Every structure is written in structure tokens, then in C-alpha cells.
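Dear colleague,

I am passing on a structure for you to look through, and below it I have written out what was found in it. Please keep the structure open while you read.

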Amino acid sequence: MGKRLDGKFGTWRGLVRLALSYPQMVAIPKTKLTKVERLVFVCHGNICRSAFADVLARDLGMSSASFGLSTTTGLPAHPPIANAARDMGVDLASHTTTSAGDFVPQGGDLLLAMEARQVARLRHDPRFAGLQIDLLGRYAAIPHIHDPYQLNDAYVRVALARIDRAVRTLVSRVRAAKAS
């Protein structure tokens, strides 16, 4: 069970946080996609999940940005994540981290967190008042995307595949909403 659990959820904590995220997701208002001008991906360190999502969204032709809630500006993507992303056709070589304090929000930003607890932090930050905030995982039907930092290769691939699916779904929905 341990290897299977680690490969699918990252850790026991990842499984528990996923289970807790479903009821928490209900309290997050649905996004008005017609108002979205830029996708902003948010995670803990901006070296794994949000970095991958940001570069993927840009590759898909969307305006995007990313930042970390607990990071230092200017760091590269985590090498194991960059290697796995490259295998998926996403090049993180030019990505550098942005801290929450250095991020400059804009009207029309949709902040997309990887975890419900990150949504709570964003909601309590006055700099983000008036911006839409959502869980990226909502667009992949798995609201909690556990941090793959220093976890096994199997889970890294699972996490990046979930982010890939969510970003592609979200980009498609934003485009469809703007076209209608």
C-alpha cells in the first residue's frame, strides 16, 4: 500500500489533505471565466507546481504568472521537476521564482492555488482583495494537488499530469467563455 499511496497521493498527508479539500472546495465561489485576463498560479515555493503550470499556460498562449507564498525571488525550478517537465514537453529552464511580496497583482487576475489552505491565505491578503481565487485542481476534478517537492518520481509524474490536465481544461474554458 505504501508505494501505491506514495505514487498516487505523494504521502499520507497528501491523501488526508485531498479528502479534506472536497468540502473546502464547496466554499470557494465559482470563477467568472469571462473576467479572466491572466492566470496566476500559486503554491508554496514556486519551484514545482506553480512553475510548471505557469510555463504550460504560456506555452498554450495564455497570459500567466506565478508566485510562491513562502519563497525567495530569483530561484530556479527544482531540478527533478524541471527534468520531469522537460519529458512532458515543458521547459522550465528560464523559470525563476517570485515571492508573494514581489508579485504585482493586476485587475483580471485569476489566482489559482494548489491547496485549499493556500486559498485561505490568499483570501486574507488585502493585496488580492477583489481578485478571483480558485483551486487549480478543480479543473482536473482533484482539488488538492500535493507538493511533489522531494517526493518520488512516480508522484512527480502524477502531480505534473494533474496540473497539465487542469491547465489545459482551464485554458479551454477561458477561451470558450470569452468567445461566447
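This is a predicted model: local features need pLDDT of at least 70, side-chain atom pairs count only at pLDDT 80 or more; totals for chains, interfaces and linings use all residues.

After α3 comes Gly61, which has a positive phi, near 90°.

Strand β3 (residues 109-113) and β4 pair in the parallel sense, with four bridges between them, and Leu111 stands opposite Ile133 of β4. To get from β3 to β4 the chain passes through helix α5 (residues 116-123), and this β-α-β crossover is right-handed. In a regular strand, side chains alternate between the two faces of the sheet. Within β4 (residues 132-135), Gln132 and Asp134 point one way while Ile133 and Leu135 point the other way, and all of these are buried.

Taking the chain as a whole, there are six helices and four strands, and from the N terminus on they run α-α-β-α-β-α-β-α-β-α. Of the 180 residues in the chain, 51% are buried. Among contacts with a separation of 6 or more, 74% are between residues 24 or more positions apart. The accessible surface of the chain comes to about 8,600 Å², and carbon and sulfur atoms account for 55% of that.

Note on methods:
Residues are numbered from 1 along each chain as its sequence is written. Side-chain values use heavy atoms; hydrogens and water are left out. Buried means under 20% relative accessible area, exposed over 50%, partly exposed in between (1.4 Å probe, protein chains only). Helices (H or I, at least four residues) and strands (E, at least two) are DSSP runs, numbered from the N terminus. Two strands pair if DSSP finds at least two bridges between them. A crossover is right-handed if, with the strands pointing away from the viewer, the path from the first strand over the helix to the second runs clockwise. Contact means heavy atoms within 4.5 Å. Accessible areas come from the Shrake-Rupley method with a 1.4 Å probe; for residues, only the protein chains shown count as cover.
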